[in-house]
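Try each one yourself before reading the solution.

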Amino acid sequence: MLNSARWWGVLIAVVLLWGASAWWLNTSNKKLAAETAERAALVHRYKQLRARYSPSAQKVARKRLVEYIRRRGAEVKTRHEGGVWRLEALVRPDVAEGFLKRLFMEGPVLKKVEISQKKGSVWIVLEVHP
Amino acid sequence: MPRLYIKERETTVLDEKGEGAVLAPSLYWYAFAPLKKVSQRRARAMADALLKPRPKNYRDIVVQKREGGYDCFAYDAEALRRRLRQEGLEKEPVWFLQQLAHCTPFSLTNGRTATVLNGIVLEVPAEGSEKALSFATCMLPEPLLKQKSTESGEVLGWLKAATVTVAVAALLDIGSAWQEKRAWQARLASLKMDKTAYEMRAMVNRYEKVAGRLQAMGEALAKALKKRGVKHIICTPKGCDVE
């Protein structure tokens, strides 16, 4: 059977153990919370950028761009040469305006854009990373 | 239960109507320590030194404050407990004979009396008409065993309760913190993708550079298109040439 001095010892040991464990768990939880928040932000940003700039997303963007111009009655020529994907189209000025707005919002990554005015039409040449 | 006078191998009845027991001088050693008020620990250390020549089995020491110093007793607690159990006195108050010094001389048994010699209470042969020990008129100090079982028992009870309460509170607190830790770990594990954090960071940096270049090119093109009389524009990530 323990006497009172030993019970005091047990009580103090329990309090110390409690304090030490609580401090360790608290510190560890704070670290984990910070790490989780940082990782969540990174994953979110990564997913956001990948949806726009990954090779498969670029392919889809190129196709949509071609379809956009074709739906508006213009002719589009596409070809792939020397590691560069090339698009040539002769469009009406109003179509060209919408097309250029859309181009930088959700289009592929461009290497070169060439625009010329030709007898009431706009001649657009794009060079895109494959 | 009568009040008993307990010797090493013999027990006699002091009072038919009383309760508890008085221990004979053969069951303990006594010394008086003329100390001013000191801590119990120090008083016990002093008692241990004063009672040095005692038998080895008299390991347990009790000190009691009284006027001018401390009464120091050494005894064999285990043997005493056994002896009291034999008499059925486990929970009754027990005094050392020395504690009744101010009541002496008094009759202990037929032919024996308790008296004080050089400050120590001893059994001596009865000489004349010694009075019977009356616990009703003799002012009794705190009994040896009763004192322990009340004061420190109460403190012990509080201590036990406090320890158990603190331990339960600590367990609940640590348990909830541990659950929180597990929840964070699970959340972190659920964020894992096919790539490591290092690879993801590298990809994000690369994509952001591309996005920056594209944005700069878009802004340069928009600026070039605002100019009047433009016939031909060539834009690259480095800038636009306007004709």
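Here are the ground rules, then the exercises. Residues are numbered from 1 along each chain as its sequence is written, with chains lettered from A and ligands numbered from 1 in the order in which they are written. This is a predicted model, so local features need pLDDT of at least 70 and side-chain atom pairs pLDDT 80 or more, while totals for chains, interfaces and linings use all residues.

**Exercise 1.** Work out the strand order of the open three-stranded sheet in chain B, and find what packs on the sheet.

*Solution.* 
- Step 1: Look for pairs, meaning strands with at least two DSSP bridges between them; strands are DSSP E runs of at least two residues, helices H or I runs of at least four, numbered from the N terminus.
- Step 2: The order comes out as β4-β6-β5 (chain B), paired antiparallel.
- Step 3: β4 (28-33) and β5 (60-66) of chain B sit at the edges, each pairing on one side only.
- Step 4: Six antiparallel bridges join β4(B) to β6 (residues 69-75) of chain B, and B:Ala31 has B:Cys72 as its bridge partner.
- Step 5: Helix α1 (residues 40-50) of chain B packs on the sheet, touching β4, β5 and β6 of chain B. Contact here means C-beta atoms, placed from the backbone, within 7 Å.

**Exercise 2.** Describe how chain B meets chain A.

*Solution.* 
- Step 1: Count contacts: 41 residues of chain B touch 35 of chain A.
- Step 2: α3(B) gives the most to chain B's side, 20 residues.

Definitions and conventions. Two residues are in contact if their C-beta atoms, placed from the backbone, lie within 7 Å. Axes are lines fitted to C-alpha atoms, for helices over the stretch in contact, and angles run from 0 to 180 degrees between N-to-C directions.
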